[in-house]
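Good morning, colleagues. Please turn to the model on the screen, and I shall take you through the chain as a whole and then through one of its sheets.

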Amino acid sequence: HAHARGERDARFAMTATLPPLHNLLAFRSDDPARTAQVRTRLERTWPDVADVGGWLLATRPLPKSRPVSAECRARGLAFTEGAEQAAGTAGGLEAVAAMARERRYDRLVGVPGDVGFLWLGERELVAVRSAAGRVPLYWWSDAGEVAVGSLLTEVAAVRGARPAMDPLLMALWASAQAMFYEGRTPVAGVMGARPGEVVHIDGVGSASVRKWFDPWPEDLPRSRRGGFEVTATRFGSAIRGTVADELASDGGNLLSLSGGVDSSTLAWLAHQAGRPLSALSLIPAEDDPTLARELGFINPLVEATGIDPHCSHELTVANRIEWLAGLPDVAMPVVHPVLCLLEAVVAEAGVSVLVGGEFCDEMCGGVFAYNDWLRTASAIGLATRLLGGTRTGTRAWLRHRVRRRPVRPLRSRARQR
């Protein structure tokens, strides 16, 4: 939703320092009539539609991004992100194309930065989603036809069959779970690639999915003395560098500020990096007894970091219904309240980068890291938790250590978007 809105409104990238991003759609059919039909549709809404290796390739760069270069197309490449980094790697674009062509996906970790791209062969295709997954990738393969792209609505629209919703995914979405179970999307028959995954579709339309980068390894080594300090230093360096690189130095940075650990940390890091911030906070209603507590976290932070302006909106049921009523016509709208309000905020003041702490729990904590804790927590650490009054997880820890029966990892049953 935000990705699609951003490409239609240049105000989203007035002073953005984000790397160049592209929306892409590749389509192939054994039926010439279907190919002509899809071409006509794409040419109405996409600025650039070309034939590349037997595929229809539609591209649409986001603001401040350049079109797909002739050098990329000559090698069957089209990048969603990271084209400049790929061109600067050893061997350049030809080396990246060879990694996809020869299926040497393990070598992708040697490409500097974060890269996502399509490689189009004569009839086969390789789709690589970046490690961070900034640009999504969706795909389907059916009856001699294949489509891969970055916009779910567009990928679903070029399918011959009438789109239908996937009831299970709709239920997960309604319960606020950002999961694509087994790679399924809310549109039945359309699949999604996880961050760090690569999809290979061969000449007969058979698809295989594997990881080229995994932030959740199957096994974790036990922490060595000093290991925590090393990890914390590396993480701190990485996040400080990202904040400095990707936030605009002359303003236009909008922070989704809840007052929690994640968004508060980003506010402080931006302040340290000298990146000016405005902020949008969703707060309880005026008569809610928790309002004073919430503002007790938010207001001191706003004052300490010089956030200006700071806008607040009441997060009530009535307001949620009003915001949802204004959602665009897309296959599956993102119902995050901040994104629902974003268009109105942009109309009042220029926004170049939207930053927030969303998705930190899934990557760094919560149930997704539960088995990591079971494997690495020591008996002394468990005793310390108990003495501190925290009993959560004690039974699971004992079951894992004594009976060797760990809780089945949630990530093996559900694929993160």
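Predicted model: local features only at pLDDT ≥ 70, side-chain atom pairs only at ≥ 80, totals over all residues.

Accessible areas here come from the Shrake-Rupley method with a 1.4 Å probe. By that method, the accessible surface of the chain comes to about 21,600 Å², and carbon and sulfur atoms account for 55% of that surface.

Let me remain with the overall figures for a moment. The chain has 417 residues, of which 44% are buried. Its secondary structure consists of 16 helices and 17 strands. As for contacts between residues at least 6 apart in sequence, 65% of them join residues at least 24 apart.

I now turn to the sheet. In what order do its five strands lie? The order is S4-S5-S6-S11-S12, the sheet is open, and the pairing is antiparallel. Strand S4, residues 77-81, and strand S12, residues 207-211, are the edge strands, each with pairing on one side only. From one strand to the next, the twist averages 10 degrees.

Consider next how S12 is held to its partner in the sheet. Strand S11, residues 197-201, runs antiparallel to S12, and five bridges join the two. Within this pairing, Val 198 has Arg 210 of S12 as its bridge partner.

Finally, which helix packs on the sheet? Helix H5, residues 92-101, does so, and it touches S4, strand S5 (116-120) and strand S6 (125-128). The direction of H5 makes about 70 degrees with that of S5.

Thank you for your attention.

Terms used: Residues numbered from 1 in each chain as written. Heavy atoms only, no water. Pairing = 2+ DSSP bridges. Helix = DSSP H or I, 4+ residues; strand = E, 2+ residues; numbered from the N terminus. Axes fitted to C-alpha atoms, helices over the stretch in contact; angles between N-to-C directions. Contact = heavy atoms within 4.5 Å. Buried < 20%, exposed > 50% of the residue type's maximum accessible area, 1.4 Å probe, protein only.
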